[in-house]
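Welcome, and please open the model in your viewer. We will go from one selection to the next and say what is there.

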Amino acid sequence: MSLESLIPALVVLPILGFAVTALIGRRLDKQAHWIPVLTIFAVWVIAMALVVDVLSGTAPLLPGSEESHGYAVTWFTWIPAGAFHVDVGFVVDSLTACLLIVVTTIGLLVHVYSIGYMSHDAGYWRFFAYLNLFMFSMLLLVLASNFLVVFVAWELVGLCSYLLIGFWYRKRSAALAAKKAFIVNRVGDIGFALGIMLIFVSLGTLDIREVIERIGELDGTTIMVISLLIFAGAMGKSAQFPLHVWLPDAMEGPTPVSALIHAATMVNAGIYLIARSNPIFAHAPSALVVVAAVGIFTAILAASIAMTQTDIKRVLAYSTLSQLGYMFAAFGVGAWTAAIFHLMTHGFFKGLLFLGSGSVIHAVHEEQDMRNMGGLSSKIKITYWTMLIGSLAISGIPPLAAFFSKDEILGEAYKFGFLWVWAVGFVVAGMTAFYMFRLMGLTFWGTFRGPKAIWDKIHESSPVMTIPLIVLAIPTLFLGAYLGLPLGASRIAEWLEPVFAEGLHVLHTEAEPSYELFGLDGVLILASVTIAAVGMVIGWRLFGVGIGPIRMPSRPERVRELSARVPFLYRASLNKWWFDDLNHVLFIVIGGRIAAAFWWFDREVVDGTVNAVGASTVDAGRGLRQVQTGRVQNYALGIAIGLIVMAGSYLLLAR
Amino acid sequence: MLMHRLVPIILGLAVIGVVTAVAAAMLVFLGQNWADALFWIFAAVMIGSGLMVVTMRDIIRCGLAMIVCFGALAGIYVILGATLLAAAQVIVYIGAISVLILFAIMLTQTKDAPSRLVFQTQAVPAAIASIVIAIIIALAVVATDWGEAAQRFRITADALSKVLFESYVLPFEVISVLLLAAVIGGVYLAKREPGGPS
Amino acid sequence: MSGSLDAYLILAGLLFAIGSFGFLARRNAISMLMSIELMLNAVNLSIVAFGAFGTDAAMAAQGSVVALMVIAVAAAEATVGLAIVIAIYRNKRTPLVDEYDAMSQ
């Protein structure tokens with residue numbers, strides 16, 4: 001059994017796991033986790049084997065390429081409709097390998113974590129069934145070799161997101177959040193669908209490799225439109241402005257869901273799609289500028305909101321939005337490798353942070369408001385230390401993960417001439433450090449602000465939940481260094497070069513800007529570390545810190561004072577810049593009025609016409625009925641008149 | 001008393017006198033022959049009594065007017081030369097059918113018959129339709145060229161019976177069956193239900 | 001005048017029109033039947049006239065014969081019609097055709 005033949009197993013196993021769990025899960029009840037977990041474990045093993053094979057170069061060359069190693073498998077023909085031919089096939093190249101690492105590892109850890117987190121839930125088996133279905137969809141998405149299959153997987157992922165966000169469906173806010181997520185996603189999906197249609201109309205094929213080969217045949221405008229449409233889809237799935245409104249509300253779902261879907265996998269689907277289509281974007285530089293602008297704007301927007309949120313999960317949600325914005329900005333400026341690098345590191349440390357926050361919530365008995373937490377560092381040690389590592393990572397403190405990836409993004413932005421992107425990203429880096437340590441301060445340091453009864457019952461979570469945290473902490477610590485070094489010829493750049501080289505070549509940029517430890521690069525690195533440290537220290541001073549020798553008390557009164565100084569900004573941040581209200585007015589209120597007008601039209605005009613036809617028929621019948629008097633003489637008069645008419649017309653006309 | 005008996009006799013004599021006078025006048029002053037004069041007289045009587053049939057209030061009088069009409073028609077048959085037919089007209093129509101009708105009138109009389117309306121609500125349209133029918137027939141007749149035929153033939157009983165029993169013997173037999181059926185049907189329809197309303 | 005076919009035909013038409021007016025406008029059922037007799041007689045007259053002004057003597061005889069048939073049929077029809085009127089009269093107690101509207105809507 002060769003590795004190549006196992007590729008379809010990557011999608012078959014999860015869907016089988018879903019089917020089996022869905023059918024008999026209710027009876028298995030508390031044992032329902034075995035099948036899904038084992039399924040995903042098997043998937044992880046196969047995926048890791050594939051990854052090692054592809055990235056180390058032992059895999060064969062992909063057909064049609066001189067440098068790219070990987071596997072291209074066609075599983076079966078889905079639509080053989082003459083000119084419209086769609087095969088379901090899988091492509092595993094180095095880009096896929098990078099995604100597989102993130103998706104399968106975090107997927108497996110979340111499955112294990114959920115055994116503990118969801119243990120008290122009545123819908124235990126349902127949760128695992130949905131998780132498996134999600135893994136199936138996500139794996140299909142990253143492995144697919146045809147745009148249409150990607151779209152199908154895209155929609156499936158959206159469906160699973162809906163099912164999982166609304167998992168506690170009896171809770172109204174959860175159901176509404178699930179609907180919101182699905183609908184906003186849909187808006188983006190329309191763009192993606194249009195893009196696919198346009199690709200088919202222009203090129204006649206939807207196979208990704210074929211499209212990439214032949215994209216040069218089209219004229220610039222078409223390519224730009226296609227790029228923008230595909231980006232629209234990515235905007236929906238990866239929650240960029242203005243389709244970002246669903247992600248914070250998606251925190252209504254259970255925390256493992258937030259970790260898996262909304263930090264590490266589904267939201268990365270947008271980035272993956274764009275990275276996979278990079279040759280298309282390479283021919284449309286103006287589209288790339290749009291991508292960069294939207295991305296970096298989302299980054300600062302989300303960061304500004306995260307600074308005042310009080311729900312621990314919302315802070316992390318906005319943080320995710322912000323980091324995704326970074327990735328899109330990176331892509332937009334041409335730093336494609338950096339974008340994927342950040343995707344990988346972010347997946348791990350954000351997953352860690354979310355699972356850690358889940359552990360915190362579990363410890364304080366389902367309390368999510370940080371104002372009621374505090375001082376937890378003494379009680380839940382493992383959670384505390386892993387989250388500290390995660391916070392340091394996301395802030396960009398060397399030598400942890402995000403330092404390398406974020407710094408590469410900013411550095412390349414500066415060097416490719418996108419100074420505005422660099423400037424905004426720079427500020428966002430500081431804000432990131434600030435709000436993360438605000439979160440740490442409110443949650444772990446200082447004194448507990450909740451009820452005493454809960455304080456006594458706080459305990460560390462079970463090993464089935466803490467072990468995934470520890471496992472995730474390892475890549476958080478080391479992945480950055482592993483992938484990002486040596487500077488200038490990083491390992492990840494080497495991996496991804498075959499995928500991006502041609503596109504970058506078209507874009508007329510240097511494929512690998514070289515790093516100098518001193519000189520311009522050194523200055524940039526120093527600058528970003530500095531701003532991160534500044535943000536961190538400001539967070540410490542306002543919200544307290546207690547790491548080893550570094551101790552500072554929290555100063556809530558100073559916080560209030562500072563917020564009072566910038567009332568508009570504070571309120572804007574607290575109200576998420578009023579975007580939800582704007583959407584409400586635009587679509588619910590105004591849309592509702594328009595819908596009511598159409599309903600009136602339908603009721604009165606359309607139905608009225610139909611009813612009028614019926615009524616007029618009845619009235620006509622009633623009128624005509626008068627003719628039938630039942631009296632022979634009336635009928636005889638009719639005969640006489642008819643006779644007169646016939647005879648008269650004969651006389652007049654035939655003579 | 002005596003005057004009451006005399007009135008109808010005097011009336012009858014007056015009518016005969018008037019008709020003779022008119023005929024004589026037509027003969028003498030208008031220079032027409034007998035056939036024409038009689039034709040006009042009979043035609044006038046027929047039309048007049050026909051109008052009386054359809055307009056008079058009392059049904060018995062309508063029936064009597066109808067008898068007069070049939071009589072005038074018999075006269076016209078004679079002018080046309082169909083003497084046997086004229087005899088048949090008088091015997092059958094006046095002698096049988098009119099009597100039948102009068103009997104039926106008597107059997108279906110209601111108490112307040114004369115005081116009610118004579119005509120239907122659709123009388124006016126009916127009148128208009130009838131006038132138009134008459135006009136159309138007249139126009140059609142006048143506009144048609146009927147060909148040369150100034151001579152009228154006298155139909156002898158001999159000739160008539162020859163045609164009747166040679167060419168038309170089948171219809172003759174059929175009609176006798178038809179009459180039988182009609183009589184039986186009429187008797188059955190008008191029969192009183194046993195024990196039913198009288 | 002009596003020598004032209006037109007006169008007889010116009011006379012017949014006139015009588016027919018009178019009969020049809022009576023049929024359409026009178027309320028009593030027996031009056032309607034009398035009007036029908038008038039119409040039949042008008043037709044009879046026209047048949048005899050056509051026969052009399054025909055091509056030869058045979059045709060005149062034929063006209064007479066047909067008219068004879070018509071008279072016989074009219075008699076039969078009058079019989080049956082009157083029987084029906086009497087039967088209806090027994091049910092409805094009135095000879096007026098206004099009341100015979102059981103088949104109305």
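**Stop one: the core**

Select Ala329(A) and Ala339(A): of the 215 residues in the largest nonpolar core, these touch the most other members. A nonpolar core is a set of buried Ala, Val, Leu, Ile, Met, Phe, Trp, Tyr and Cys residues joined through C-beta atoms within 7 Å; buried means 20 or more other C-beta atoms within 10 Å of a residue's own, with C-beta atoms placed from the backbone. Helix H4 (residues 124-143) of chain A gives this core its largest share, 17 residues. Helices are DSSP runs of H or I, at least four residues, and strands are runs of E, at least two, numbered from the N terminus.

This is a predicted model: local features need pLDDT of at least 70 and side-chain atom pairs pLDDT 80 or more, while totals for chains, interfaces and linings use all residues. Residues are numbered from 1 along each chain as its sequence is written, and chains are lettered from A and ligands numbered from 1 in the order written.

A second, separate core of 86 residues includes Ile76(B), Tyr93(B), Ala52(C) and Val97(C).

**Stop two: helix H8 of chain A**

Now select residues 220-237 of chain A, helix H8. Of its 18 residues, 13 are buried. Just after H8(A), look for Ala239(A), with a positive phi of about 55 degrees.

**Stop three: chain C**

How many helices and strands are in chain C? There are three helices and zero strands, and 63% of its 105 residues are buried.

Note on methods: The expected span of a helix is 1.5 Å times one less than its number of residues. A residue is buried if 20 or more other C-beta atoms lie within 10 Å of its own, exposed if 12 or fewer, and partly exposed in between; C-beta atoms are placed from the backbone.
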